[in-house]
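Please read them with the structure in view.

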Amino acid sequence: MKTLTIFFLLLGTSWLQAHDLHHTVVEKQAIVVTFSFGGDTDFSYQKYEIYAPDSDIPFAVGRTDSLSRIVFLPDKAGKWKIKAMSEDGHGKEVGITVGEDFAVEEYSKTNFEKFQKLFVGIAVIFMVFLLLQFYLKRRKK
């Protein structure tokens, strides 16, 4: 009887362990993508999907956090794709190339970032033209 009681106690504790959700806490370098509309309008609590390289099945789905961020930890190198979309239809697809050391090698830029040098170049040329016009008008007087 004593052996049978011990057996059922052990069986009961193993059943309890089977329903316990285990967790571990580790510190690793993650990739953080922040979204905004510019200004004060944020992109918090909006849906997103993350796709691993060469995969059509999402690696992760969820919602941006209260600071409009998506944080993920890639498990392989390659070009990852993030699709973020709001309830009103706004959205963005961001491509991130992750290297063998899991560092970000490249990511798709915003339109402003793509054309920033062009805008600055045009602004410098326009400013030189204005200064030249101002100088020539003052010289005629």
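1. Met85 stands opposite Gly91 in strand E6. Strands are DSSP runs of E with at least two residues, numbered from the N terminus.

2. The model is predicted: local features need pLDDT of at least 70 and side-chain atom pairs pLDDT 80 or more, while totals for chains, interfaces and linings use all residues. Residues are numbered from 1 along each chain as its sequence is written, and side-chain values use heavy atoms, without hydrogens and water.

3. Strand E5 (residues 78-85) pairs with strand E6 (residues 91-98) in the antiparallel sense, over 8 bridges; pairing requires at least two bridges found by DSSP. Both belong to an open, antiparallel sheet of 5 strands, in the order E3-E2-E5-E6-E7. Strand E3 (58-63) and strand E7 (104-107) each have a single partner strand, so one side of each has no neighbour in the sheet.

4. The largest nonpolar core has 15 residues, of which Phe35, Ile50, Ile70, Phe72, Ile82 and Ile96 touch the most other members. Such a core joins buried Ala, Val, Leu, Ile, Met, Phe, Trp, Tyr and Cys residues through side-chain atoms within 4.5 Å; buried means under 20% relative accessible area (1.4 Å probe, protein chains only). Strands E1 (31-34), E2 (47-51), E4 (69-72), E5 and E6 each give two or more residues to this core.

5. The UniProt annotation "transmembrane region", from an unreviewed entry, covers residues 118-136; annotations may be inferred rather than shown by experiment. In the model this stretch is 100% helix and 0% strand, with its end C-alpha atoms 27 Å apart. Helices are DSSP runs of H or I with at least four residues.

Definitions and conventions. Buried < 20%, exposed > 50% of the residue type's maximum accessible area, 1.4 Å probe, protein only.
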